[in-house]
Amino acid sequence: MTPRRRAVSLLAALGALAAIPLVAALVNEPFYLDLFRRIMIFAIAAVSLDIILGYGGMVSLGHAAYLGIGAYAVAIPALHGIHSAWVQWPLAIVLSGLAGLVIGAISLRTSGVYFIMITLAFAQMLYYVGISIEPWGGDDGMRLTRKSQLGGPLDLADPHVFYYVVLALLAVLLLVGDRVIDARFGTVIRAVKSNERRLAAIGLSPFRYKLAAFALAGAVCGLAGALLTNQTEYLTPSYMHWTRSGDIMVMVILGGMGTLGGPVLGAAAFLLLENVLSAWTVHWQAILGPLLVLVVLYARGGLWSLLPGGARRG
Amino acid sequence: MTWLLVVEQMLNGLQFGVMLFLVAAGLTLVFGIMNLVNLAHGSLYMLGAYLAVAFLKWTGSFAASVVLALLATLVIGMLVEVVALRTLYERDHLDQVLATFGLILFFNEAVAIVWGRAALFATVPSALGGFVEILPRLRYPVYRGVIILVGLAVALLLYVIVTHTRLGMLIRAGASNRTMVAALGVNIRLLYTVVFGFGAALAALGGLMAGPIYTVQPGMGEELLIEVLVVIVIGGIGSIRGALIGAIVVGMVDTLGRAFLKPMLATIISPTAADSAGPALASMLIYILMAAVLYFRPQGLFPAVRNG
């Protein structure tokens, strides 16, 4: 896809999301507002994973760890009476970015299947920490009594305000991402995926760029975690469970990896499918599972490639 | 006396270790030979446990239920290989992770549909119940002792098969150069199916023996799978010897950590702090161990040699 077409399709997607509250009001289904806010939050997480997975070729199966760190970065200050989003959200971003830096520094020494396993192991480690620490709710998790306070007219308790705050953050992420992909940093990250040795041969250190991308992806996913606790007003260690990492990865693949719009589309498809199937039968995972196998086997470019002008994965 | 407790916990660690080995052996073989990351291997462990409970109810005989459950999982494993996994061998690891993740969702729900979501109780057969006094004042459950013996016997059997039989020779040859083996006239696809089936049966053996000790419920496979992944990564993916050593190390570290870390910490820091830090640290131990091993040896302790 040419940069111009890509920007146009991203703007179209954002425009469609901006219209959702109107549609929800028209058909008198406030539930859609909630559902699509959730979709956008997971879209932020999925886009962050796609930075390293789709563009950088790093198959991380522990991405939910940052979702959890971001969530705890909101809930723990709230427990101590600090409700300002201007404290909580930067904290979520910085802490999960730092976690990404540490996990990346160790994991990126390995490659292939070892990399998959070690990222998975780090996420499970954090999951067990979350389960074991009783003052922070242990296994049961804890309730967020008050949503993050942005101040002024931006009251997240108002579902519409919250919706547009999430949309604005997603829009910033996508538009900045759209620039970064073609900038020097994005070019190097894509080069890492295609041939690391050649990159080293022209004098660039692949490790430093990979680590930077890994930490950046963690930081962005941390923000998604902060938003997610505000969405559910609850936090449990299960945010970090490895099946959650699997879900986020499925969203990226379903939508189309190596694109910015793909993960957004994938998050929407996954959560809508979950919503429809679970209303139909409690055993919806018995349908989702085989469906997933079929997508992997036969529809490798993801949904994004089915759109007009969509680029196929190479 | 505390040293009796230490011996008992070490035996428990060994018991957990051999069970990890039974599941790890199949997984590491499948990876080593077919280059397939199979996250759904834990589902076969779960199926083994469920099928044994079901067959025990049907036949009333423990021995018959074991044999039937193993045969049934062998067949299911071969079916899964032929239907779904065969096409994945040539794909990259990402596709394999996703497709087998899908299989996990399917198997967990399938089990929930057939047997329900509530945990089932598997009973220890009466012949294997009771305790045996292995040291003065140390009485150990017979059943756990049997698990240790069966696990070690399987390890020995696997060693003999892999190093001293024609099948083992083909397995090793297939792992090091599949194209060459196929060129020499061996039906490599059939070999893959058979190996996968036997790996599945080993996992089922672990599962059906685990049934009476842990709970039989949907999702029991993944709890263990993650620990098994740690085992094979520490041992070196593709190596049976690595899987055995990794399994016993992980089993020991995990069991001893859970038993003794809290009281040990309580002597250093305050007991209340140890109360929350102890369990957290104990459940992290094997992951820390894995990170440390990978940091110093990115290919695990016994990397399998493969070319082509």
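What percentage of the 314 residues in chain A is buried? I looked this up to open the notebook, and buried residues come to 49%. A reminder to myself: this is a predicted model.

**Chain A, overall**

I went through the elements of chain A and found 12 helices and 2 strands. Reading from the N terminus, I noted the order α-α-α-α-α-β-α-α-α-α-β-α-α-α. Along the principal axes, the C-alpha atoms of chain A fill a box of roughly 55 × 45 × 45 Å.

**A helix pair in chain A**

Next I turned to α2(A), residues 31–55, and α9(A), residues 206–232. Their axes come within 8 Å and cross at roughly 170°. This angle is over 145°, so I write the pair down as roughly antiparallel. On the α2(A) side, the contact includes I41(A), I44(A) and L49(A), and on the α9(A) side it includes F214(A), V220(A) and L227(A). Sorting the contact by class, I get 16 nonpolar, 2 polar and 2 charged residues.

**L36 in chain B**

My last stop was L36(B), in the loop between α1 (2–34) and α2 (41–59) of chain B. Is L36(B) buried or exposed? I put it down as buried, because 23 other C-beta atoms lie within 10 Å. Leaving out residues up to four places away in sequence, L36(B) touches V30(B), F31(B), L85(B), L88(B), Y89(B) and Q96(B). I also noted R86(B), 50 residues from L36(B) in sequence and 9.5 Å from it in space, C-alpha to C-alpha.

How values were computed:
Residues numbered from 1 in each chain as written. Chains lettered and ligands numbered in written order. Predicted model: local features only at pLDDT ≥ 70, side-chain atom pairs only at ≥ 80, totals over all residues. Axes fitted to C-alpha atoms, helices over the stretch in contact; angles between N-to-C directions. Helix = DSSP H or I, 4+ residues; strand = E, 2+ residues; numbered from the N terminus. Parallel < 35°, antiparallel > 145°, perpendicular 65-115°, else oblique. Contact = placed C-beta atoms within 7 Å. Nonpolar A, V, L, I, M, F, W, Y, C, P; charged D, E, K, R; others polar. Buried ≥ 20, exposed ≤ 12 C-beta atoms within 10 Å, placed from the backbone.
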